Amino acid sequence: MLKTDVLNYLRTIPKGKVVTYSQIGKALGTKGYRAIGNILHNNPDPDYYPCFKVVNAKGMLAEHFGLPGGKHTQKERLENDGVEVVDFMVDLDKYQWKD
């Protein structure tokens with residue numbers, strides 16, 4: 001798994017959809033979920049690589065989302081993308097992208 005693979009995967013997620021860390025791992029053939037999280041946290045261009053579209057397996061937003069404002073910024077970006085966020089959670093049945 002390369003950093004560029006993770007970042008490029010983010011660009012494939014459709015508008016109004018989210019994915020989980022494990023979903024990225026499965027798509028890239030790795031179980032290095034922490035490594036994926038670290039790559040997302042150090043995203044060089046969050047506007048180009050939409051890391052805000054990644055949530056945990058329960059649909060929870062990242063407690064320490066890597067941009068100023070943390071999970072509040074992630075919530076705002078998701079809502080602007082058309083994803084409903086309630087109590088910093090996303091309904092995966094409704095919004096998870098099935099790649």
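## Exercises on rings, a helix and a core

At 17% relative accessibility, tyrosine 49 falls in the buried class (buried is under 20% relative accessible area, exposed over 50%, partly exposed in between, with a 1.4 Å probe and protein chains only). The model is predicted, so local features need pLDDT of at least 70 and side-chain atom pairs pLDDT 80 or more, while totals for chains, interfaces and linings use all residues. Residues are numbered from 1 along each chain as its sequence is written, and side-chain values use heavy atoms, leaving out hydrogens and water.

**Exercise 1.** Find the aromatic pairs in the whole structure and classify each one.

*Solution.*
- Step 1: Apply the rule: rings of Phe, Tyr and Trp (its six-membered ring) pair if their centres lie within 6.5 Å; planes under 30 degrees apart are stacked, over 60 edge-to-face, the rest tilted.
- Step 2: The search returns two pairs.
- Step 3: For tyrosine 9 and tryptophan 97, the centres are 6.1 Å apart and the planes at 45°, so this pair is tilted.
- Step 4: Tyrosine 9 belongs to helix H1 (residues 3-10) and tryptophan 97 to the segment after helix H5 (92-95), so the pair links distant parts of the chain, 88 residues apart (helices are DSSP runs of H or I, at least four residues, and strands runs of E, at least two, numbered from the N terminus).
- Step 5: Tyrosine 48 and tyrosine 49 are edge-to-face, with 4.8 Å between centres and 85° between planes.
- Step 6: Tyrosine 48 is partly exposed, at 40% relative accessibility.

**Exercise 2.** Locate the buried side of helix H4 (residues 70-80) and what covers it.

*Solution.*
- Step 1: List the buried residues of H4: Gly70, Lys71, Thr73, Gln74 and Leu78.
- Step 2: These cover an arc of only 155° around the axis, which puts them on the same side of H4 (the arc is taken over directions from the helix axis to the C-beta atoms).
- Step 3: The face turned away from that side carries exposed His72 and Asn80.
- Step 4: The cover includes strands S2 (54-55), S3 (85-86) and S4 (89-90).

**Exercise 3.** Describe the largest nonpolar core.

*Solution.*
- Step 1: Join buried Ala, Val, Leu, Ile, Met, Phe, Trp, Tyr and Cys residues through side-chain atoms within 4.5 Å.
- Step 2: The largest such set has 27 residues, and Val19 and Leu78 are among those with the most contacts inside it.
- Step 3: H1 gives the largest share, four residues.

Definitions and conventions:
Contact = heavy atoms within 4.5 Å.
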